[in-house]
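Trainee: I would like to go through this model term by term and ask what stands behind each word. Please set each value against its definition.

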Amino acid sequence: MSIRSAVVQVLDYRAGITRPIWNMRDTYSLSHQQNHDRILNNDSNPRLRIPPTQHMVGQVAIERDEEIFPAGSVELKEIQRRRQMLEFGPNLSGIIELSPGRFLALILHQPATTDQQMGQEEERLTQQLLLHLRQAVQISGQLQAAVSRADLLMEAGNALGAGLVLCNDTGFIMWANNEALSILDRSPVLREVAGHIRAIHPVDSGALRSMLAQVAVDDGERSPQLTLGRADVETSVQVMALGLRSQSAQGARDMSGTVALLLREPGRPLNISPAAVASLFGMSNAEARLTAGLCDGLSLRDYAQQRGISEGTARIQLKNALAKAGCPRQAELVRRVCTSLAMRLSQ
């Protein structure tokens, strides 16, 4: 089989128009890309006026210009003229549906010196290649979706000021967000050592290892918590562990025994947004700012001094915030707000 040009395209069909949204070209086509796009790979190409919905769902459809356009038709003459301008001969195209409105195509062109159409052998090869290419494109899409979800998870953890770590039962770190990496870098009680999460003090080290081993084989119903460096609140790190259970696809890496760790430094602010508090609980901006300050560990007096308001005004704002959140006490308000925000970010 003598091929002058081979191009793989993802086609998007919308509102009666088919457009290439992704291309992968062979060396020859890549070196002549500008000319090919100007003459053939554009909206005026007669091939792109054919609705791809005519193709068989889930199967590879094989096409040739001389078969899809009537002999002597304006469309066929136009496509043949364009092929001649590019020194292309007869073509063979395969197309298969990726998802509703989106298709994968493999377009082959012979040299202009060849008049004979490609035969059944080339058709079989095109069908086999497209099936493999479709699988590769779908795997790539799944990988990109997984990367995007991981990025969103990282953003959520960073926004809340919490560190998120995925590790195994030995503490080997598989993934960590920016806040977790920062905690491991600055904390005097918890560090990353040779790719593993490790507690510095011997007593803490034994407790952390025991928790990881327990959670890795647990049924996921419990979330044990541990405070490392309990003697110094300012430098201590709180750890909550959750065993994860993911049903891996055939041939995929076994992720059983994976543990998710949530890391918090009690001495550092939670970075809770007053706007989010106001939205969740229907508070005024002033009430939400006060609540966020209390969640960050400020006393009512400290908050009033920071804002330049009287302690009496702060107490009125607290009273309103308690009523709107449905909480009888300040401690309950802090717990409910932090829990609600955490759940909102994790959805």
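Mentor: Start with strand S4, which is mostly covered, with ten of its twelve residues buried. This is a predicted model, in which local features need pLDDT of at least 70 and side-chain atom pairs count only at pLDDT 80 or more, while totals for chains, interfaces and linings use all residues. Residues are numbered from 1 along each chain as its sequence is written, and side-chain values use heavy atoms, with hydrogens and water left out.

Trainee: What makes a residue buried, and what makes a run of residues a strand?

Mentor: Buried means under 20% relative accessible area, exposed means over 50%, and partly exposed is in between, with a 1.4 Å probe and protein chains only. Strands (E, at least two residues) and helices (H or I, at least four) are DSSP runs, numbered from the N terminus.

Trainee: Why is Phe281 called buried?

Mentor: Phe281 has a relative accessible area of 14%, so it is buried. Phe281 lies in helix H8 (residues 274–281). Its C-alpha atom is separated by 6.3 Å from that of Lys324, 43 residues apart along the chain.

Trainee: How do you know that S4 and S5 pair?

Mentor: Two strands pair if DSSP finds at least two bridges between them. S4 and S5 have nine bridges, in the antiparallel sense. Ser99 has Arg102 in S5 as its bridge partner. The hairpin of S4 and S5 has two residues between the strands, and Gly101 there takes a positive phi near 85°.

Trainee: Which strand pairs with S4 over three bridges?

Mentor: Strand S3 (residues 61–63) does, also in the antiparallel sense. Glu63 stands opposite Ser93 in S4.

Trainee: What makes the phi of Glu87 worth a remark?

Mentor: Most residues other than glycine have a negative phi. Glu87 is not a glycine, yet its phi is positive, near 60°. Glu87 lies in the loop between helix H4 (74–85) and S4. With a relative accessible area of 47%, Glu87 is partly exposed.

Trainee: And Ala194, which has a positive phi too: is it buried or exposed?

Mentor: Ala194 has a relative accessible area of 72%, so it is exposed. Its phi is about 55°, although it is not a glycine. The loop between strand S8 (190–193) and S9 holds Ala194.

Trainee: How do you know that the length of helix H11 agrees with its residue count?

Mentor: The expected span is 1.5 Å times one less than the number of residues. The 15 residues of H11 (residues 311–325) should therefore span 21 Å, and the end C-alpha atoms are 21 Å apart, which agrees. After H11 comes Gly326, with a positive phi near 70°.

Trainee: Why are the buried residues of H11 said to be on the same side?

Mentor: The buried residues are Ala314, Gln317, Leu318, Ala321, Leu322 and Ala325. They cover an arc of only 140° around the axis, so they are on the same side of H11. The arc is that of the directions from the helix axis to the C-beta atoms. On the other side of H11, Ile316, Lys319 and Ala323 are exposed.

Trainee: Which residues of helix H6 are buried?

Mentor: In H6 (residues 178–186) they are Glu179, Ala180, Ile183 and Leu184. Seen down the axis, they fall within an arc of 135°, so they line one face of H6.

Trainee: What lines the largest cavity?

Mentor: Its lining has 28 residues, of which Gln9, Asn45, Arg47, Leu48 and Ile107 lie nearest its centre. S4 gives the largest share, five residues.

Trainee: And what lines the second largest cavity?

Mentor: That cavity, of about 30 Å³, is lined by Ile197, Arg198, Ala199, Ser205, Leu208, Arg209 and Leu212. Its largest share, four residues, comes from H7.

Methods. On a 1 Å grid over the protein atoms alone, a cavity is a set of points where a 1.4 Å probe fits but cannot get out, and a pocket is an open set with protein on both sides within 12 Å along at least five of seven lines; lining residues have an atom within 4 Å of a point. Grid points are joined across faces, edges and corners, and a volume is the space filled by probe spheres set on the points.
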